Amino acid sequence: MKNKKYLSFYLFSCVVIYTLIYIPAFYTPFHSDDYLFLLQGVDLNIRLNHYLHWCGRFITDYTSSLLLSLFSKWAYMAINSFVF
């Protein structure tokens with residue numbers, strides 16, 4: 001009984017926190033780097049060039065480009081909020 005009470009509180013807290021992250025993220029417009037990653041797409045040569053000459057981050061930039069290319073804004077922000 002006690003564990004069930006904590007589990008329901010935990011799930012409720014997770015939903016509230018997720019909602020508090022998702023709503024502002026959804027209403028925040030994309031910025032210049034979001035459009036840059038969307039336009040670069042998932043081509044490995046472009047990603048490696050960006051990695052070697054610009055930022056030094058590969059996994060995060062590739063993941064961002066992939067998610068922006070595959071999903072609409074609401075789905076992208078839902079995934080982003082969940083990971084956060």
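Author: Start with exposure: buried is under 20% relative accessible area, exposed is over 50%, and partly exposed lies in between (1.4 Å probe, protein chains only). This is a predicted model, where local features need pLDDT of at least 70, side-chain atom pairs count only at pLDDT 80 or more, and totals for chains, interfaces and linings use all residues. Residues are numbered from 1 along each chain as its sequence is written, and side-chain values use heavy atoms, without hydrogens and water.

Reader: Why is R57 called partly exposed?

Author: R57 has a relative accessible area of 48%.

Reader: What makes D61 count as buried?

Author: D61 has 3% relative accessibility. The limit is under 20%, so D61 is buried.

Reader: How do you know that R57 forms a salt bridge with D61?

Author: The rule asks for a side-chain nitrogen of Lys or Arg within 4 Å of a carboxyl oxygen of Asp or Glu. In R57 and D61, the closest N and O atoms are 4.0 Å apart. The pair therefore meets the rule. The count comes to 1 salt bridge.

Reader: Why is F71 called partly exposed?

Author: F71 has a relative accessible area of 37%. This again lies between the cut-offs, so the label is partly exposed.

Reader: What makes the nonpolar surface patch?

Author: V42, L66, L70 and F71 make it, with about 330 Å². Patch residues need over 30% relative accessible area and no salt bridge; nonpolar side chains (Val, Leu, Ile, Met, Phe, Trp, Tyr) are joined within 5 Å, like charges within 9 Å. F71, at 37%, therefore passes the area cut-off.

Terms used. Areas by Shrake-Rupley, 256 points an atom, 1.4 Å probe, with all protein chains shown as cover.
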